Amino acid sequence: MGKKEHSARKKAVPFVEVIGGEVEEVREGYSRMVLRKIEEKHLNGNGWVHGGLIYALSDSCCGTLMDFYGENSSTIEGKIQYLNNTKNSKSLRFEAFLLKKGNRISFIEVRVTNQLEEQIAAAAFTYYSLKQ
């Protein structure tokens, strides 16, 4: 399957860095990203973290996990459930868990929590491998 050699290497992801996120860990079947400090630029009109940012970082966390396997891939479906608001949140953690790695199609779940370990969102993504 040709996994990239990077023993939990942290890979820079330009989009994630622009919005203040950081890749913390990547290993077989798992990746973790963090938004260490929630800033005003991350907020919606209610003063909570914008749902689009939560979705985007969830998707990016999955993409980083897929990169571990050394294949280019693309999101073909994603859905998210927002379980709590972020009024008590100072930071967010995104953890992606690979549930199925197929030849072309892979399925990943994401758990989003704040610094108090409160679950903010749950997401599921389907990825398509762009094998040559």
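Read along the sequence, the protein chain runs α-β-β-α-β-β-β-β. That comes to two helices and six strands, where helices (H or I, at least four residues) and strands (E, at least two) are DSSP runs, numbered from the N terminus. The radius of gyration of the chain is 14 Å, close to the 14 Å that the globule rule gives for 132 residues, so the chain is as compact as a globular protein of that length. That radius is taken over C-alpha atoms, and the globule rule is 2.2 Å times the number of residues to the power 0.38.

Before I go on, a word on the model. It is a predicted model, in which local features need pLDDT of at least 70 and side-chain atom pairs count only at pLDDT 80 or more, while totals for chains, interfaces and linings use all residues. Residues are numbered from 1 along each chain as its sequence is written, and side-chain values use heavy atoms, with hydrogens and water left out.

Now the chain as a whole. Along its principal axes the C-alpha trace spans about 45 × 25 × 25 Å. Of the 132 residues, 44% count as buried; buried means under 20% relative accessible area, exposed over 50%, and partly exposed in between, with a 1.4 Å probe and protein chains only. The chain exposes about 7200 Å², and carbon and sulfur atoms supply 49% of that area. These areas come from the Shrake-Rupley method with a 1.4 Å probe, and for residues only the protein chains shown count as cover.

Next, contacts, meaning heavy atoms within 4.5 Å. Among contacts with a separation of 6 or more, residues 24 or more positions apart account for 62%.

On charge, there are 19 positive and 16 negative charges, and their mean positions are 2 Å apart. Lys and Arg count as positive and Asp and Glu as negative, with His and the chain ends not counted. The place of a charge is NZ of Lys, CZ of Arg, CG of Asp or CD of Glu.

Methionine 66 sits in helix α2, residues 51–67. Is methionine 66 buried or exposed? At 1% relative accessibility, methionine 66 counts as buried. Leaving aside neighbours within four places in sequence, it is in contact with Glu71, Ser73, Lys101, Ser106, Ile108 and Tyr127.

Two serines come next. Serine 91 is in the loop between β3 (73–82) and β4 (92–101), and serine 89 lies in the loop between β3 and β4. Serine 91 counts as buried at 17% relative accessibility, and serine 89 counts as buried at 11%. What does serine 89 touch, not counting residues up to four places away in sequence? Serine 89 touches Ile38, Asn114, Gln115 and Ile120. With neighbours within four places again left aside, the contacts of serine 91 include Leu35, Ile38, Asn114 and Gln115.

Further along, glutamate 117 is in the loop between β5 (105–114) and β6. Phi of glutamate 117 is near 65°, a positive value in a residue other than glycine. Glutamate 117 is partly exposed, with a relative accessible area of 46%.

Alanine 124 is in strand β6 and counts as buried at 12% relative accessibility. Not counting residues up to four places away in sequence, alanine 124 touches Glu77, Gly78, Lys79, Phe107, Ile108 and Glu109. The C-alpha atoms of alanine 124 and isoleucine 108 are separated by 5.8 Å, at 16 residues apart along the chain.

Last, leucine 130, found in the segment after β6 (119–129). Leucine 130 is partly exposed, at a relative accessible area of 40%. Beyond its neighbours within four places in sequence, leucine 130 is in contact with Asn72, Ser73, Ser74 and Arg104. The C-alpha atoms of leucine 130 and arginine 104 are separated by 7.5 Å, and the two are 26 residues apart along the chain.
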